[in-house]
Amino acid sequence: HDILEGTSTDLWGNGIPDDCEEDCDGDGTSDYNQIQADMTLDLNRNAVLDACEDCDGDGTPDHIQLQGSGSLWIAGTGDGEVKAFHPASGVPIESTSSPTPANGRDVLLTEHDLLVSDGDADAISIFDRITGDFDTTLQGGLVSPEGMALDEDGHLLVVSRGTASVERFDLETRTHMGSAIAAGTGGLDQPRGILVPGDGTILVTSFDNRVLEFDLDGQFIRELIPGGHIELVDPRGMVMRPSGTLLVTSYGTNSINEYDRQSGDFLGRYDRGGLPSGYWGLGQPWALRIGPDGDVYVSTHGANTAVQVYEESTGLFKRRFYILSQLIPAPTGFDFAPPIEGDCDGSLVLDSCEIASGVHEDNNGNGVPDICECAADLSGDGVVGVDDLLLVIAGWGNPYDVDDLLNVIQSWGPCEN
């Protein structure tokens, strides 16, 4: 009635006067109207002011405490920027400071660092992962650097396209360690993508439409995917599916292909359900990542969307999350920031709040959800073994019982978390 008579406004159009709407900050303006006037006040797009989301009641909004946990950082060649996007809403939330790479080719995130390969500067630019502030550059042996990966010792591997080699760097000392794969080994030609599957090998894409396999010492093993097949043209990004098959982006055919990891046999086109062309078409796919939610993410260098998502188990296109190319023109590499210590499962909800609400259990009361710990490692040495068995025996009845004994026996060996 008040709305019809004009004595109350209803900017939301939901039939409720604005002065009766939620006003979490008590400033006299409904939260919805504040958000409509300034969308940056609601980065996760849940219609609640970010400043009012403080699940642990400590006076600091949750998004500040989360410190960019799970953020999606993307490099683009269209405007020379590297930007971070909210992992749930796709809203821009941060960007790198000057000097920012003019020709960013790939992105890799560690606990503290944001690494960007700069094809024009023949270097790797390093920024603070949380703030985006510039730190330093890595140089040595690089000409037109492209894809990046960490080896099994935590050293940085960088594809040097101009020298047809892979260079290794120590991230702690910020120094060049030499070539991990020497120039032209195995016929390597203008490589772009690199993957360390964790099985003692390194996979590198070659411009002649091959994927080559090397050991960790850089010795050539074999052509995993030989050239000459029409389905693979200008391969770029690679990622392993949990099932053990290999996904490779085919830039020249606008597709994501699936291969048997052992034989290299082509298993078919992986991406399904999207349009082959048009607004949602997969145009010039570049990098691949398995996201925190387990789905497959791909950057599209020449499409309307900068990043698209596919259901991991089926390859079906999912429109629930995307980032438009207007926000990051001509995207190339991207990566997800690792979860911070206080958000161990990457849910974008503080661990303390999930424990308090009963979402997760914390049986040992240490403030870390049990799902993020090796619960049977009672001694805390990273291994479930004799020490833990003795602790159960010594504390039999209080606090340990038969369930704890069985947990130790079933979890025997190194912790996986």
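Trainee: Which polar atom lies 2.8 Å from the backbone nitrogen of Gly367?

Mentor: A polar atom of the side chain of Asp362 lies at that distance from the Gly367 nitrogen. Keep in mind that this is a predicted model. The backbone nitrogen of Asn366 also has a polar atom of the Asp362 side chain at 3.3 Å.

Trainee: Where does Asp362 sit in the fold?

Mentor: Look in the loop between helix H4 (351-356) and strand S25 (383-384). Leaving out residues up to four places away in sequence, Asp362 touches Ile355, Gly367, Val368 and Asp370.

Trainee: Which side chain of opposite charge is nearest to Asp362, and how far away is it?

Mentor: That would be Arg129, 22 Å away. A salt bridge needs a charged nitrogen and a carboxyl oxygen within 4 Å. Asp362 is buried and has no salt bridge. What its side chain does have is the pair of backbone nitrogens, from Asn366 and Gly367.

Trainee: On to disulfides. How many does a search of the whole structure find?

Mentor: Three. For each one, check the sulfur distance, the torsion and what gets tied together. Start with Cys24 and Cys52, whose sulfur atoms are 1.9 Å apart. The angle about the S-S bond is 85°, and the link is right-handed. Cys24 lies in the loop between helix H1 (2-5) and helix H2 (31-37), and Cys52 in the loop between H2 and helix H3 (62-66), so the pair ties together parts 28 residues apart in sequence.

Trainee: Why is the disulfide of Cys344 and Cys372 called right-handed?

Mentor: The torsion about its S-S bond is about 75°, so the disulfide is right-handed. Cys344 lies in the loop between S24 and H4, and Cys372 in the loop between H4 and S25, so the parts they tie together are 28 residues apart in sequence. Their sulfur atoms are 1.8 Å apart. Cys344 is partly exposed, with a relative accessible area of 25%, and Cys372 counts as partly exposed at 22%.

Trainee: Now the nonpolar core. Which residues touch the most other members of the largest one?

Mentor: The general idea is that in soluble globular proteins nonpolar side chains tend to be buried together. Here the largest nonpolar core has 15 residues, and Leu72, Ile74, Tyr297, Phe321, Ile323, Ile328 and Phe334 touch the most other members. Strands S1 (72-76), S20 (285-290), S22 (305-310), S23 (317-324) and S24 (331-336) each give two or more residues. S22 gives the most, with three.

Trainee: What does Leu72 touch?

Mentor: Beyond residues up to four places away in sequence, its contacts include Val307, Phe321, Ile323 and Phe334, along with Lys83 and Asp335. A second, separate core of 13 residues includes Leu157, Ile181, Ile194 and Ile202.

Key: Residues are numbered from 1 along each chain as its sequence is written. This is a predicted model: local features need pLDDT of at least 70, side-chain atom pairs count only at pLDDT 80 or more; totals for chains, interfaces and linings use all residues. Side-chain values use heavy atoms; hydrogens and water are left out. Helices (H or I, at least four residues) and strands (E, at least two) are DSSP runs, numbered from the N terminus. Buried means under 20% relative accessible area, exposed over 50%, partly exposed in between (1.4 Å probe, protein chains only). Lys and Arg count as positive and Asp and Glu as negative; His and the chain ends are not counted. A polar contact is a pair of N or O atoms within 3.5 Å; within protein, one must be able to donate a hydrogen and the other to accept it, and residues adjacent in sequence count only if both atoms are side-chain atoms. Contact means heavy atoms within 4.5 Å. A nonpolar core is a set of buried Ala, Val, Leu, Ile, Met, Phe, Trp, Tyr and Cys residues joined through side-chain atoms within 4.5 Å. A disulfide is a pair of cysteine sulfur atoms within 2.5 Å.
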